[in-house]
Amino acid sequence: MSVPAPLYLSLSAVLFALGTVGVLVRRSALIVFMSVELMLNAVNLTFVTFARLRGGVDGQVLVFFVLVVAAAEVVIGLAIIVNIFRARETVDVDDVDLLRG
Amino acid sequence: MEAVLFAITAVLGVAGGVGVIAARQPVHSALGLLLALLSLAVDYLLLDAQFVAVLQVIIYAGAIVVLFVFIIMLLRATGDAPRARTAVPPRAAAALGAVLAAALLAAALTVRTEPGGVGADYGTVEQVGRALFGPYALPFEAASIVLVVGMIGAVALGKRAQAIAVAPARAAPGVRAQDAPASRLAAGGAGEPEG
């Protein structure tokens, strides 16, 4: 590990911020989802970096669980997006605001 | 050598991230995501996490991005429709992202811990597997339940999608798509033969 840990954490911070901006500015539900994946991956990088710093594998095990949850989340989320598209011919998150009341 | 590799993957990863949020075509966003994910896999290798790196390539780059591309193809999705008003103005979002990045960077740069040495078997499938099936056995079982629930949910949602797709064609004009299955049920209840 010749690269200092703060550099990895900085890369993770930049990717997380990029994901946040993507969630805020994009209206296609698919791209919002991809941005969420980007944020999850940024956090995974933090987990792996701290696991290496501590010399344990607990952080890597947590990354495994994040992967599992992310996989389930993507499957369910994309199924919902397909349902919305079939019912309303759009995947624009601003058009699907019925819960707003 | 490691520093050069890290610099390359950092540039590629950030480029991929910018590609995800800036591309006009959803397929280009998916490719940007793929680039970012593969760069992160290389970073995991640099951090001695072989198992996580392999999982990253197989699950994220292999399965999740393929699922995204498949859905993009299925929906013939295009980019955002031009619109005067957005929920969050892009400039405000960019400013917010910059503030968030600055805060996270400030926190990241305070880390002073020096990494200790690790054995040759650090991060291998064996070591992570022993942790998974030892102290983390219960969460591991819970994760398998999450996956099963996800599978069942996807199948159930897929079936409902077929019902919704059939309904609007039979519904009278003006009937909203959400109401259509109910009206079809009512028609069936009145004794009219289907089809």
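Modeller: Start with α3(A). This helix has 31 residues and reaches 44 Å from its first C-alpha to its last, close to the 45 Å expected at 1.5 Å a residue. The expected span is 1.5 Å times one less than the number of residues. Helices are DSSP runs of H or I, at least four residues, and strands are E runs of at least two, numbered from the N terminus. Just after α3(A), A:Glu89 takes a positive phi of about 60°.

The model is predicted: local features need pLDDT of at least 70, side-chain atom pairs count only at pLDDT 80 or more, and totals for chains, interfaces and linings use all residues. Residues are numbered from 1 along each chain as its sequence is written, with chains lettered from A and ligands numbered from 1 in the order written.

Now the interface. 65 residues of chain A are in contact with 79 residues of chain B (C-beta atoms, placed from the backbone, within 7 Å). On chain A, α1 (5-25), α2 (29-54) and α3 (58-88) each supply at least two residues of the side that touches chain B. α3(A) gives the most, with 24 residues. That side of chain A divides into 45 nonpolar, eleven polar and nine charged residues. Nonpolar means Ala, Val, Leu, Ile, Met, Phe, Trp, Tyr, Cys and Pro; charged means Asp, Glu, Lys and Arg; the others, Gly among them, are polar.

Conventions. Contact = placed C-beta atoms within 7 Å.
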